[in-house]
Amino acid sequence: MPESAAVPAALPTPADPAELSAEDGKLVVLARGARGRVGAVEGAAVRDQDGRTYAAASVALPSLTLTALQLAVASAVAAGASRLEAAVVVTEASTLDGAGHAAVRDLSADAPIHVAAPDGAVLGTVVE
């Protein structure tokens, strides 16, 4: 099966951690909470153009697999969001997954995607 053009061939690697604004810091807290509530592999949170936030955890079912970032973006879109200001994913991985990255880029070409460790420490930021 050919690779989808919507998903980057190489996984984005976060650049050096940026100093988070207070609003982006709140996204880290929301993403950690979503992950922790259900013991998921990942948690994510996004903020839309109106400042509304959406948090989600990864889903792994026999018939459905979504990254936390995909689900957070889907929740925002389902609520009427047309643009994202920022996103956070809390994960044990050292890279951002291609599917989550693509979902954020579908709504915003320039929103920072902060990658944080489970303890909340920001590992880096993807801006591409």
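Modeller: Two strands count as paired if DSSP finds at least two bridges between them. The model discussed here is predicted.

Colleague: How many bridges join S6 to S7, and how do these strands run?

Modeller: Pairing needs at least two bridges. S6 and S7 are joined by 4 bridges. Ile 113 stands opposite Val 126 in S7. As for direction, S6 and S7 run antiparallel, and the bridges between them number 4.

Colleague: How many helices and strands are in the chain?

Modeller: Read along the sequence, the pattern is α-β-β-β-β-α-β-α-β-β. The chain has 3 helices and 7 strands.

Colleague: Which strands are the edge strands of the open sheet?

Modeller: The open sheet has 5 strands with mixed pairing, in the order S2-S1-S5-S6-S7. From one strand to the next, the twist averages 15°. An edge strand pairs on one side only, and this holds for S2 and strand S7 (122–126).

Colleague: What angle does the direction of helix H1 make with that of S5?

Modeller: Helix H1 covers residues 22–38 and packs on the sheet. Its contacts there are with S1, S2, S5 and S6. Relative to the direction of S5, that of H1 makes about 40°.

Colleague: Which element gives the most to the largest nonpolar core?

Modeller: This core has 20 residues, and those with the most contacts inside it are Val 46, Leu 69, Leu 96, Val 104 and Ile 113. At least two residues each come from strand S1 (43–48), strand S2 (53–57), helix H2 (68–78), strand S5 (84–90), helix H3 (98–107) and strand S6 (113–116). With 5 residues, the element that gives the most is H2.

Colleague: Which residues is Val 104 in contact with, leaving aside its neighbours within four places in sequence?

Modeller: Val 104 is among the residues with the most contacts inside the largest nonpolar core. With those neighbours set aside, its contacts are Leu 69, Val 73, Leu 84, Ala 87, Ala 111 and Ile 113.

Colleague: How many residues does the second, separate core have?

Modeller: Its members include Ala 31, Ala 45, Val 88 and Ala 116. The second core is separate, and its residues number 8.

Colleague: What share of the residues in the chain is buried?

Modeller: A residue is buried when its relative accessible area is under 20%. The chain has 128 residues, and the buried share is 42%.

Terms used: Residues are numbered from 1 along each chain as its sequence is written. This is a predicted model: local features need pLDDT of at least 70, side-chain atom pairs count only at pLDDT 80 or more; totals for chains, interfaces and linings use all residues. Side-chain values use heavy atoms; hydrogens and water are left out. A nonpolar core is a set of buried Ala, Val, Leu, Ile, Met, Phe, Trp, Tyr and Cys residues joined through side-chain atoms within 4.5 Å. Buried means under 20% relative accessible area, exposed over 50%, partly exposed in between (1.4 Å probe, protein chains only). Contact means heavy atoms within 4.5 Å. Axes are lines fitted to C-alpha atoms, for helices over the stretch in contact, and angles run from 0 to 180 degrees between N-to-C directions.
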